[in-house]
Every structure is written in structure tokens, then in C-alpha cells.
Amino acid sequence: MHERDRTSLSVDAATLARRAFLAASALFVTGCATSNSTKAMPGAEWPGGRYDDAPPPPAAPPTNVPAPKPGPQVRSTPEPIPIGGVIPRSRWASSGPDVNDINPMLPVKYLTIHHEGWEPFTAVDFGDTAARIERVRVGHSEGRGYADIGYHFIIDREGRIWEGRSLKFQGAHVKHHNEGNIGIMCLGNFEEQSPTPKQLAGLNKQVRVVMARYKISVKRVYTHQEWADASTLCPGRNLQVWVDKKRPQSFA
């Protein structure tokens, strides 16, 4: 039994109680607020990517090996982000996925844009952002019973791109439509706040990268609310209007 569309799965009383406690205490409100909207739209994941889980413990130091000569001192930075790169999940996730309860990614056909949809988020600090993404992961895995965070990429308020669920695995972000569908989520609630210019630039960049790499046509780039059977406000009106403007331009 896999996590796919498991809203009808039965669970034992202890699991239900734990999930209820998490939902109440951590405000795990799932991210995408619901509405009666059923607006349809043309259609949009990313397979075969690497998976950076938490780093293994350091190996025992070798014995009888001469100490290396001291080299130049290199000043480390708190957030080494390569230009144009994606921050690996090893920088934020305290746990990997439940590989016994997750589906492999199918050939990519779609890309879907989301917002987080919790209480408004305005932090730009690296540590605060990492903690927020971890909170989403825990909300998905412990609060909803998913195998991992549902999204493949997260775009923060500074426009940084974070690795979410490995692209080796199918996501859990659009009910009944996760197969071959890459999920990109922007931190914040865009019914109540607006994405920052940097965040929109980061989102635009990642959308174009995914479209080019997997040959996804613009007609297969969705927002969550645009799936015909979705009943949600996600990604919020202030991000939806941006997508509506950029899609005719192929996100150029």
C-alpha cells in the first residue's frame, strides 16, 4: 500500500491521536486552503534526480597516516549556495523518506506550482527558512502520513531554490495527479501576502529549468487550483495572477 491518495486509508487509534495532536499543536493545515473552485486548465515533475539524504556519520580516522601539512585557512560561510544551484535537503531535513511507502517517479509530463498556504511567512534568514521547510516535511510525514515532504522543490522569500522530495520519487502534492508531475512550492500564503520579487525570479528560473530538461510544454504547467478536480485556492490569488501573466510568455 503506497501513500498515493491515501485519504481513505484506515489507521489505528494511536496513529489518529498522534496526527490530531500534531495538527492542533503545530498548525499543520496542509498548505493548500480549499474552496469550491473547480476551474479547469491545460496542464504539470522531474525523474532520475539525485537524492541527498542526511550525511552519514564520519568514518573513523585512519591510523599510522602522517598528518597532512597545514594549508591556507579558508573562511567558511553559514550558507554555501552555489550560483544557480539547488540547496540540498541535507541542509534542512532531519530525516529521509519512508522508502517502503513511496512510488518511483514515472516519466515527467507535468509541472505544478503551489504555495505553502499556512500562516504568512516573511523570514529570509537561512536558518529560519530551513526550519520552516522541515516543519512542512514533518506536517506531511507525521501529520498526513506521507512518505516525505510532498513537493520536489521549494522557493523561499530570497529566491533560493531548495531540494524537497527526491526526483527519484513521485510527489504527493496534487491528489489523483501525482504521476509524472513535479511539484514546486513557494513559501508563504499568497491569499494573505504577496511573493517577493526575488521569490518570483527564483520560481521563474526553476520553472524554465524543469520545462527545458523534461520538454514540458507550457500547456502542461499548472497551478494546483487549475487541475479540473481540485478544490483549492492554492497557490493563492497573488501568485495565480503572476502565473496567468507569465504563462503566455512561456515564463520568459
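What follows is a chat about the model shown above.

Me: Before we start, what kind of model is this, and how are residues numbered?
Reply: It's a predicted model, with residues numbered from 1 along each chain as its sequence is written. Local features need pLDDT of at least 70, side-chain atom pairs count only at pLDDT 80 or more, totals for chains, interfaces and linings use all residues, and side-chain values use heavy atoms, with hydrogens and water left out.

Me: OK. How many helices and strands are in the chain?
Reply: Four helices and five strands. Those are DSSP runs numbered from the N terminus, H or I of at least four residues for helices and E of at least two for strands. Along the sequence the pattern reads α-β-α-β-β-β-α-β-α.

Me: And what is the strand order in the sheet?
Reply: S3-S2-S4-S1-S5, an open sheet of five strands with mixed pairing. Two strands pair here if DSSP finds at least two bridges between them. S3 (161-163) and S5 (221-223) are at the edges with a single partner strand each, so one side of each has no neighbour in the sheet. On average, neighbouring strands are turned by 25 degrees against each other, direction ignored.

Me: Which strands run parallel to S4?
Reply: S1 does, joined to S4 by six bridges, and S2 pairs with S4 in the parallel sense over three bridges. For landmarks, His-115 stands opposite Cys-186 in S4, and Phe-153 stands opposite Ile-184 in S4.

Me: What about S1 and S5?
Reply: They pair in the parallel sense too, over three bridges. Leu-111 stands opposite Val-221 in S5.

Me: Which helices sit on that sheet?
Reply: H3 packs on it, touching S1, S2, S3, S4 and S5. Contact here means heavy atoms within 4.5 Å. The direction of H3 makes about 170 degrees with that of S4. H4 packs on the sheet as well, touching S1, S4 and S5, and its direction makes about 145 degrees with that of S1. For those angles, axes are lines fitted to C-alpha atoms, for helices over the stretch in contact, and angles run from 0 to 180 degrees between N-to-C directions.

Me: Back to S4. Why would I call it largely enclosed?
Reply: Because six of its six residues are buried. Buried means under 20% relative accessible area, exposed over 50%, and partly exposed in between, with a 1.4 Å probe and protein chains only. In a regular strand, side chains alternate between the two faces of the sheet. In S4, Asn-181, Gly-183 and Met-185 are buried on one side, and Ile-182, Ile-184 and Cys-186 are buried on the other.

Me: Which residues touch the most other members of the largest nonpolar core?
Reply: Ile-184 and Leu-203, out of 24 residues. A nonpolar core is a set of buried Ala, Val, Leu, Ile, Met, Phe, Trp, Tyr and Cys residues joined through side-chain atoms within 4.5 Å. The elements giving two or more residues to this core are S1 (110-115), S2 (153-155), S4 (181-186), H3 (197-214) and H4 (237-246). H3 gives the most, with six residues.

Me: What does Leu-203 touch?
Reply: Ile-113, Ile-155, Ile-184, Cys-186, Leu-239 and Trp-242, if you skip residues up to four places away in sequence. There's also a second, separate core of 16 residues, including Trp-92 and Phe-126.

Me: New topic. Where does Glu-226 lie, and is it buried or exposed?
Reply: Glu-226 is in the loop between S5 and H4, and at 1% relative accessibility it counts as buried. A polar atom of its side chain lies 2.8 Å from the backbone nitrogen of Thr-223.

Me: Which peptide bond is cis around Pro-235?
Reply: The one from Cys-234 to Pro-235, with omega near 15 degrees. Pro-235 is in the loop between S5 and H4.

Me: And what's the phi of Lys-215 and of Phe-251?
Reply: Lys-215 is near 50 degrees, positive in a residue other than glycine, and Phe-251 has a positive phi of about 60 degrees although it is not a glycine. Lys-215, in the loop between H3 and S5, is exposed with a relative accessible area of 74%. Phe-251, in the segment after H4, is buried at 0%.

Notes
Polar contact = N/O pair within 3.5 Å; in protein donor to acceptor, adjacent residues only side chain to side chain.
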